[in-house]
Amino acid sequence: MSLRARLTLFYTVVLGAVLVLFGLAVYGLVSVVQLRQVDATLERTARDLILVTRINDEGDFVLSERVSLDSSVIVQIWDTNNRLVGLTPSAEPDSPLRQPLDSTNFSATLPVYNSVTVGGVHFRVLTVPLYTQGTPIGVLQSGTSLTILDALRDEIVRYLVVLSLIAVILAGMFGLVSGRRALSPLAAATDTALQITRADDLSKRIPTRGIVDDEVGKLITAFNDTMGRLEKLFATQRRFVADIGHELRTPLTVIRGNIDLMRRVGIEDEQSLHSIELEVDRLSRLVEDLLILAQAESGKLPMDRRRVELDTLLLEVFSQAHILAGEQVRLEIGQIDQVLVCGDRDRLKQVVLNLVANAIKYTTEGGKVTVSLSKETGQGVFSVKDTGMGIPSGDLPHVFERFYRGDKSRSRSKDGAGFGLGLSIAYWIVRNHGGEIEVKSKLNRGSTFTVRLPLADKDCADATGELSERKPLAAQPERIG
Ligand code: ADP
């Protein structure tokens, strides 16, 4: 059964049950009120009669004065021999009114009400025992027909049943219609999901035109967002596999070519061996970078967190980078504040080395690279600024993506340059330290990479590991670029 039908059925049944309960309550209330009125009339009539009823010397019941009684009430007085000794209104000798209204209560010792059927007519009867000087002398029974009241109650039942049925049918119809309207976006969602599965097309989205911002609307938005992310993820995955394939192909071709050459010539050519060695090194670096990246992306990069003097680390990198920069690029130190952060020294050094090496690599002769470090509220901020070739604005959002390389970088990559993984590794290391990395760049004017890291707090162990045990750190050779 569909959700719509189930919901409709559920609410219709609930409504039906509520209406039945309501009907029973109305019916019961009306019955009780009516019966109370009837009982009050019977009691009043019996009391009025008892007040004026006397027994004469012959032992007959007589009325001491005239009383006006309710015309709808029949009153019978029966002596202890079950003889009818008084009746109002008077009736023919063979009239059914001369039959006892309620013979079951002739021996009652207290006033008692009863509902009985006499001659096919529904009666309400009050039986009052009569005494004189403590001796029982008979009973007085006042009764009235309940036919009109019964008819009225039947009418109420009929109205309640008909109205309830109409209400339930209307509610069912309304439920089906409103259910269809409310759930139609879900049907569209199911269609789209099926289309995606059948056609393997992740670009499909559920139409959002006309949807309201309710639970279903939110579900659809969330579904579309998820599909968007999945599509991106799959595209990235595909590109990733293609990139790896591409990166592997060149060195493998070179290795294969050199082996073939040596086999043909029949001697171990030193130049070929060197070429093979270079390519194997390059492949090792690629695998190593990919492993680090995979660990960093999943947050599982082993890290030995301690207090790190960022200023000392920066100066260390600075002196190493001089060799790289050579005479062509001027390396400068800007403002350097003393900054303590909490993190893995080797990983952080890798980040700084990457940024400085890139800055040198992408700055042409005569250019300048400036490294600086300052302390801002709760953060240590270091930046690497160069006056190099800059990054086109269209490329800026992608520089931290895996295997991303600018066009100029690609054209240089034949000499064994980077794989386009350095910045993504830097990005994830910084992220794993709770920091941020950003880049600002102008084409042909230069770029500035800025890294913000939270300052070390008192819980962070110092370099000797005073507060925490040293965790094993995966061997990570220092590599520039
Ligand atoms: P690569 O190994 O190619 O340097 P990275 O991940 O380190 O890989 O950098 C990705 C790309 O970002 C580079 O190919 C280059 O196009 C661009 N890039 C990085 N740093 C700079 C910089 N300082 N100036 C200009 N372009 C840069």
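Biologist: Let's start with the ligand. Which residues come nearest to it?
Modeller: There are 20 residues around the ligand, and the ones that come nearest are Asn358, Tyr362, Asp386, Gly406 and Leu423. Keep in mind that this is a predicted model.

Biologist: Okay, take aspartate 386. Which kind of ligand atom does its polar side-chain atom lie 2.9 Å from?
Modeller: A nitrogen atom.

Biologist: What about β9 and β11, parallel or antiparallel?
Modeller: Those two go in the parallel sense, over five bridges. One more facing couple is isoleucine 336 and leucine 373, the latter in β11.

Biologist: Remind me how strands hold on to each other in general?
Modeller: Through backbone hydrogen bonds, in either a parallel or an antiparallel arrangement.

Biologist: In what order do the strands of that open sheet come?
Modeller: The five strands go β9-β11-β12-β14-β13, and the pairing is mixed. From one strand to the next, the twist averages 15°.

Biologist: Which helix packs on that sheet?
Modeller: Helix α6, residues 345-361, which touches β9, β11, β12, β13 and β14. The direction of α6 makes about 25° with that of β12.

Biologist: New topic. What order do the strands take in the open sheet with antiparallel pairing?
Modeller: That five-strand sheet runs β4-β3-β7-β6-β5. Its edges are β4 and β5, each with a single partner strand, so one side of each has no neighbour in the sheet. On average, neighbouring strands here are turned by 25° against each other, direction ignored.

Biologist: Which helix lies across β3, β4, β5, β6 and β7?
Modeller: Helix α1, residues 3-52, and it runs at about 35° to β6.

Biologist: How many bridges join β6 to β7?
Modeller: Ten, with the two strands running antiparallel. As an example of who faces whom, threonine 127 stands opposite glutamine 141 in β7. Their hairpin has two residues between the strands, and glutamine 133 takes a positive phi near 50°.

Biologist: And how many join β5 to β6?
Modeller: Seven, again with the strands running antiparallel. Valine 118 has valine 121 in β6 as its bridge partner. The turn of this hairpin holds glycine 119, with a positive phi of about 55°.

Biologist: How many bridges for β3 and β4?
Modeller: Four, in the antiparallel sense. Valine 75 stands opposite threonine 88 in β4.

Biologist: Is the peptide bond from threonine 88 to proline 89 cis or trans?
Modeller: It's cis, with omega near -5°. Proline 89 sits in the loop between β4 (84-88) and β5 (112-118).

Biologist: What's the phi of asparagine 82?
Modeller: It's positive, about 60°, although asparagine 82 is not a glycine. You'll find asparagine 82 in the loop between β3 and β4. For background, most residues other than glycine have a negative phi, and most peptide bonds are trans.

Biologist: Last one: at what angle do α4 and α8 pack?
Modeller: About 35°, with the axes of α4 (residues 270-297) and α8 (residues 422-432) 9 Å apart. The crossing is left-handed.

Biologist: Which residues make that contact?
Modeller: From α4, Asp289, Ile292, Leu293, Ala296 and Glu297; from α8, Ser424, Ile425, Trp428 and Asn432. By class, that's five nonpolar, two polar and two charged residues.

Key:
Residues are numbered from 1 along each chain as its sequence is written. This is a predicted model: local features need pLDDT of at least 70, side-chain atom pairs count only at pLDDT 80 or more; totals for chains, interfaces and linings use all residues. Side-chain values use heavy atoms; hydrogens and water are left out. Axes are lines fitted to C-alpha atoms, for helices over the stretch in contact, and angles run from 0 to 180 degrees between N-to-C directions. A crossing is left-handed if the near helix is turned anticlockwise from the far one by less than a right angle, and right-handed if clockwise. Contact means heavy atoms within 4.5 Å. Ala, Val, Leu, Ile, Met, Phe, Trp, Tyr, Cys and Pro count as nonpolar, Asp, Glu, Lys and Arg as charged, and the others, Gly among them, as polar. Two strands pair if DSSP finds at least two bridges between them. A residue is near a molecule or strand if one of its heavy atoms lies within 4 Å of it. A polar contact is a pair of N or O atoms within 3.5 Å; within protein, one must be able to donate a hydrogen and the other to accept it, and residues adjacent in sequence count only if both atoms are side-chain atoms.
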